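User: I am new to this structure and would like to go through its salt bridges step by step. Please show it first.

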Amino acid sequence: MPHFFSGDELGAIKSISYTQAENAKEWKATATTLVPGSAESGRSKTVQKLAVHSAGANTLLTAARADGSASLYQVNSEGNGLSVVHEWTEARLKAGQRFVGLSAAEIGIYSCTSNGALRLTKPGQGDGEPSSSLATLPMRLCEWRLSADGKTFAYGGDEVELSLWDTEKAFSSQPEVESASASAGESKKRKRNDQLLPGEVWRAKNVPNDHLSLRQPVHNTALTYLQPSTSISHQHLLVGTANGNVRRYDTRAARRPVADWKGVGKTGGISTVEKGFHEHEVFVADRGCTLAALDLRNGRTVYSYKGLSGAVTSIAPARSLVGSAAQDRFVRLHSAFPPPPQQGQQQEHKGEVLDKLYMKVIPTVIVWTGKTDLLDAAAAEDAADGEDDVWDAMQAADSDSEDEGKAKRRKEKKSRTA
């Protein structure tokens with residue numbers, strides 16, 4: 001069964017699991033509170049980021065909160081209980097700033113704040129002491145993502161161009177980063193921004209001026225990696241902007257986007273983007289009530305989900321399903337279907353809302369645990385059905401041939417008797 005973790009504005013963390021009814025059309029959600037929220041602390045304990053990581057047979061969950069605190073939990077085997085493994089505080093998080101990235105890897109937990117405080121936390125194993133490595137990135141960041149293999153990370157922000165970094169080199173000794181967060185109005189600082197920083201592998205270049213020859217503002221609000229890569233310098237990235245555009249970058253091809261799809265976000269710009277599990281599939285949400293699936297081949301909307309009455313703040317693809325958290329206090333489960341085999345063809349199946357669970361407090365983030373019990377069972381059942389069909393057809397063919405052989409022998413026997 002699909003299983004998700006969610007966080008809300010009062011700091012609560014919940015486990016949400018879904019079961020499918022016998023008619024295969026209805027889904028039932030079961031929510032369990034793992035960490036209770038506190039109304040007294042208000043939004044200072046808001047869960048801003050969640051990250052899930054599997055370490056052998058153990059599932060680890062990391063939460064980063066608005067007051068700079070972070071916790072690493074171990075999830076029990078049933079998925080309905082947590083035990084604290086390690087806790088720490090990001091002291092460099094200032095008032096008005098927030099966590100813009102959180103990712104768990106084999107080496108440790110990576111976290112990044114909007115004022116450029118990058119941290120690698122190693123909780124320690126056995127009798128080993130926990131340790132942290134610090135790095136400084138530009139300020140005014142809006143989103144930070146770690147690659148699937150952990151070798152690179154990317155970020156973007158308000159007047160901060162999309163940038164790709166070597167993770168290992170980023171934590172080596174580096175000078176204070178000040179130029180990348182400066183205003184773009186001064187030519188000297190703009191010239192300095194063209195130079196790569198220590199550990200920086202690639203940096204995007206602003207799109208050309210508009211039809212009035214005016215510089216277009218840089219405001220990257222969301223980003224994601226599109227596919228794994230064995231090369232640090234060659235990555236495919238997708239970015240959403242504050243003016244509603246979605247841009248695709250190939251770091252080997254050019255510094256400017258290889259595709260710029262305008263007007264994808266209808267209201268308030270793009271809030272989040274996530275790569276789906278189907279080929280050419282990506283999910284995009286704006287700050288209005290739009291959640292849509294896009295075709296990466298042409299940037300067209302494959303389908304949009306209906307019935308949303310609040311802005312979607314977090315998306316969690318889970319194979320052929322998608323979980324979402326929205327400001328209307330609902331956590332929703334959606335169906336997802338791949339784009340057509342050929343671009344431009346009509347989409348036969350469109351995703352829809354399968355279930356919506358009302359949360360008393362506004363959910364801020366949702367992540368998929370990676371559990372695919374029900375999904376794998378369904379795939380295995382489909383494969384078994386396909387094999388049964390093949391064997392049935394073979395048996396039918398064999399029986400037909402046997403009947404024809406018997407009839408032929410009887411006919412020959414009669415002719416010899418005559």
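User: Which residue forms a salt bridge with glutamate 143?

Analyst: This is a predicted model, in which local features need pLDDT of at least 70, side-chain atom pairs count only at pLDDT 80 or more, and totals for chains, interfaces and linings use all residues. Residues are numbered from 1 along each chain as its sequence is written, and side-chain values use heavy atoms, with hydrogens and water left out. A salt bridge is a side-chain nitrogen of Lys or Arg within 4 Å of a carboxyl oxygen of Asp or Glu. With closest N and O atoms 2.9 Å apart, the partner of glutamate 143 is arginine 145.

User: Which strands hold arginine 247 and aspartate 260?

Analyst: The side chains of these two residues, arginine 247 and aspartate 260, form a salt bridge with an N to O distance of 3.4 Å. Because the two lie in separate strands, the pair ties together parts that are 13 residues apart in sequence. Strands (E, at least two residues) and helices (H or I, at least four) are DSSP runs, numbered from the N terminus. Arginine 247 belongs to strand β18 (residues 246-250), and aspartate 260 to strand β19 (residues 259-261).

User: Which residues do salt bridges with shared partners join into one network?

Analyst: The structure holds 14 salt bridges. One of them is the pair of glutamate 143 and arginine 145. Through shared partners, one network is made of Lys49, Glu143, Arg145 and Glu274.

User: Which residues does lysine 28 touch, not counting those up to four places away in sequence?

Analyst: Lysine 28 lies in strand β3 (residues 27-35) and is exposed, with a relative accessible area of 57%. Contact means heavy atoms within 4.5 Å. The residues touched are Ser17, Tyr18 and Thr19.

Terms used. Buried means under 20% relative accessible area, exposed over 50%, partly exposed in between (1.4 Å probe, protein chains only).
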